[in-house]
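Hi,

Here is the structure I promised to pass on.

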Amino acid sequence: MPPSSLLAVGTVAFDSIETPFGRAERILGGSATYIALAARVLGAPVRLSAVVGRDFPDRHVNALANQGVDLDGLVRDPDGDTFFWAGRYHYDLNNRDTLATHLNVLATFKPRLPPTYRDSAVVCLGNLDPVIQGEVLDQVDGPEGAGPALVVCDTMNYWISSVPEALAQTLRRVDVLVVNDAEARELSGEPNLVRAARRIRGMGPKTLVIKKGEHGALLFCGEGDPATVFSAPAFPLEDIHDPTGAGDTFLGGFAGHLARRLAVMGPAALRDPEALKHAVIVGSALASFVVEAFGPDRLWAVSPADLAARVAAFRQLSTIPDGLED
Ligand code: AMP
């Protein structure tokens, strides 16, 4: 059964990145780019909605199209330049400074989905203004005409502090929120992550993933209170070059796995703790590839077989051997 369709919404960007291990200038980046490249590894039909400017080269468009990404919703605005982001990482790669954010064409972007995107089953909302995220959701009828089957969403501290009400409105329409630990604390006003998760799950998303950089990720899901909690490790890598895009790659891998399960199990997959736990492992495994090279360089070439091998390594990493209780 082919996976359900997945709509990746976010930025397509130029990034300039500095890490202790090197630098790269104006390379292809953006949340929608990473989401799409990750989700295509799972075989999901990926549709991309974003805007680029007059300076965006055709070679990037062709490269994404060659990966099978549907680009009917990639708008080129001839009146401005592409979104640009620059960041610098410290030795502790969990910390980065944003050196520049030039919104450029993103400042006036109003997404208008092509009619062929409206039946998307899974919507993956990359980090964007929550008003725009909401406007995208308004345009998705989903496969049955009753809206998308699954909405997975990212956000960041900027939106949490500057437009909390708009974010609250969007969160009411989100099934799975994926944020990092600092964002979870800020959004909930609660320093303890377990209590933060309870509060955030009260805001709309019944499933919450809290990413903790090189310390892995926590999943909170289930109907009851307390939630079912699952802890996934991060893969211990010897060579990490650039963490940029790890969060978005996680999002695309997580949503891509659920697009597969949705096709097989129907909507029950979205509440199934096993499917959700597997989705966290798939997201973590794909994120462990992207950090091995600058920008999305490594992600282009990741195959389903590479992913399967890394998932097996994840299993090795944290399986508790039998006999402990004997
Ligand atoms: P991540 O490392 O997963 O948080 O994502 C990094 C990507 O997010 C980069 O490729 C940037 O182009 C993009 N990005 C950075 N800041 C923003 C922003 N304010 N809004 C949307 N995308 C952003």
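Let's start at the ligand: one of its oxygen atoms sits 2.4 Å from an N or O atom in the side chain of Asp 15. I'm calling that a polar contact, meaning a pair of N or O atoms within 3.5 Å. Asp 248 has a polar side-chain atom 2.7 Å from a ligand oxygen, and for Arg 96 the figure is 2.9 Å. The protein covers 88% of the 510 Å² of accessible area that the ligand has on its own (Shrake-Rupley method, 1.4 Å probe).

Before you read on: this is a predicted model, where local features need pLDDT of at least 70 and side-chain atom pairs count only at pLDDT 80 or more, while totals for chains, interfaces and linings use all residues. Residues are numbered from 1 along each chain as its sequence is written, and side-chain values use heavy atoms, with hydrogens and water left out.

Back to the ligand: 16 residues surround it (a heavy atom within 4 Å), and Gly 30 and Gly 245 are also among the closest. Helix α8 (246-265) gives the most to this shell, with three residues. Helices here are DSSP runs of H or I, at least four residues.

Then there's the packing. The largest nonpolar core has 64 residues, and Leu 6, Val 12 and Leu 286 are among those touching the most other members. By core I mean buried Ala, Val, Leu, Ile, Met, Phe, Trp, Tyr and Cys joined through side-chain atoms within 4.5 Å, with buried being under 20% relative accessible area (1.4 Å probe, protein chains only). Helix α9 (residues 273-290) gives the most to this core, eleven residues. Apart from it lies another core of 41 residues, including Phe 83 and Phe 220.

Cheers

Terms used:
Buried means under 20% relative accessible area, exposed over 50%, partly exposed in between (1.4 Å probe, protein chains only). Helices (H or I, at least four residues) and strands (E, at least two) are DSSP runs, numbered from the N terminus. A polar contact is a pair of N or O atoms within 3.5 Å; within protein, one must be able to donate a hydrogen and the other to accept it, and residues adjacent in sequence count only if both atoms are side-chain atoms.
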